[in-house]
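Here are some notes to read alongside the model, one topic at a time.

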Amino acid sequence: MTAARPSLPRRVPWSAVIVFVALACGLAWLVALPLWLGAGLASPLTPVLLPVMMFTPAVAALIVTFALRVPAPGGRARFLGLWPLRPAKRVVWLMVAGWLVPPVLVALTILVAAALGFVQIDLAFGGFAAQIAAALPPGTPMPPIELLVVAQFAMIPAGALLNSVLAFGEELGWRGWLLPALRPLGTWPALLLSGAIWGLWHSPVILLGYNFGRIDFSGVLLMVAGCIAWGILLGWLRLRSASLWPAVLAHGALNAAAGLVLVVAASAPDMALAGPLGVAAWIVIAVVVLVLVVTGQFRHQPELADGHGRLLSVPREGAVNPPS
């Protein structure tokens with residue numbers, strides 16, 4: 001009896017990729033349009049529109065999947081990494097890693113940034129106290145700053161799970177559909193190109209000053225570099241596990257921990273240098289990726305598409321599926 005396999009492209013489906021990118025980016029600009037026509041990020045619509053924008057890659061993925069039939073029916077859940085969760089042990093462990101490791105990398109980023117002079121750490125949390133005081137209504141008593149700091153750190157694991165709901169909207173597009181669609185290019189080209197597209201997709205809000213406080217194209221370039229760096233790690237989780245869910249959790253955990261530098265900084269840091277998408281983070285991630293490369297973690301990917309241990313690669317002509 002022959003095992004069911006997803007219908008995978010023998011080469012990159014460039015027409016579908018172009019449609020996907022155009023839809024994801026076009027819808028993101030459409031969602032952000034009220035911000036551009038209004039008060040920018042100061043708009044009261046910002047807390048509503050940013051989460052909506054995170055689902056535009058998922059909408060694009062569903063459109064190309066069902067309207068353009070890429071992939072063809074019969075293996076869509078597997079192509080997108082939604083199901084089955086096999087190999088189960090590896091998927092579970094990488095989900096745990098995705099949940100817990102990104103906050104550690106963000107913390108290491110802060111230490112590297114401090115060592116390089118990008119940020120001054122204040123363990124008395126005076127800078128954080130000033131931020132809280134400025135946000136409180138006049139006359140409101142200030143809670144003990146130590147209690148607030150402990151609460152910030154304690155909320156990260158739960159915040160990672162909550163943020164994963166929104167992160168799923170992005171990950172279904174980037175690591176669910178786009179990375180597998182580009183996979184025939186090879187592991188590294190697919191990771192780098194999908195990360196760059198992910199970064200460019202943020203342009204509607206980056207050009208308003210989101211993340212880096214820069215309203216010119218330098219902010220977009222910084223975001224592209226940051227997304228390529230993190231995209232390699234999220235993509236590795238996807239390829240190594242054959243599942244979307246570790247990347248979803250990792251994306252949620254990154255978002256939950258992204259503000260840690262603001263808690264420990266003595267004054268407002270330059271996020272282009274000290275933030276989780278900035279230069280210090282690139283250094284930390286480069287070291288992690290180097291370790292993964294040296295230990296062969298990018299070479300070993302679970303069986304999914306062609307029966308030879310290569311995830312979503314170009315199927316071999318005449319390849320025979322192994323017995324189930």
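**Notes on the predicted model**

1. Let's begin with P34, which is partly exposed at a relative accessible area of 33% (buried means under 20%, exposed over 50%, and partly exposed in between, with a 1.4 Å probe and protein chains only). P34 sits in helix 1, residues 14–37 (helices are DSSP runs of H or I with at least four residues, strands are runs of E with at least two, and both are numbered from the N terminus). Leaving aside residues up to four places away in sequence, P34 touches L45 and L49, where contact means heavy atoms within 4.5 Å.

2. Residues are numbered from 1 along each chain as its sequence is written, and side-chain values use heavy atoms, with hydrogens and water left out.

3. For the overall picture, the protein chain has 15 helices and 0 strands. Of its 324 residues, 48% count as buried. Among contacts with a separation of 6 or more, 76% are between residues 24 or more positions apart.

4. How many salt bridges does the structure hold? There are 2, each defined as a side-chain nitrogen of Lys or Arg within 4 Å of a carboxyl oxygen of Asp or Glu. One joins E171 and R175, with the closest N and O atoms 2.7 Å apart. Both residues belong to helix 8 (156–182), 4 residues apart, about one turn of the helix, and both are buried.

5. R214 and D270 also form a salt bridge, with 3.5 Å between the closest N and O atoms. This pair links distant parts of the chain, 56 residues apart: R214 is in the loop between helix 10 (203–206) and helix 11 (217–241), and D270 is in the loop between helix 13 (260–264) and helix 14 (271–274). R214 counts as partly exposed because its relative accessibility is 29%; D270, at 31%, also counts as partly exposed.

6. Not counting residues up to four places away in sequence, F20 touches several residues, including P57, V64, W174 and L178.

7. Two backbone details deserve a look. The peptide bond from V70 to P71 is cis, with omega near 5°, and P71 is in the loop between helix 3 (56–66) and helix 4 (76–79). The bond from W83 to P84 is cis as well, with omega near 0°, and P84 falls in the loop between helix 4 and helix 5 (88–115).

8. Finally, phi values. N211, in the loop between helix 10 and helix 11, has a positive phi near 75° although it is a residue other than glycine. A242 is not a glycine either, yet has a positive phi of about 60°. A242 lies in the loop between helix 11 and helix 12 and is buried, because its relative accessible area is 4%.

Notes: Predicted model: local features only at pLDDT ≥ 70, side-chain atom pairs only at ≥ 80, totals over all residues.
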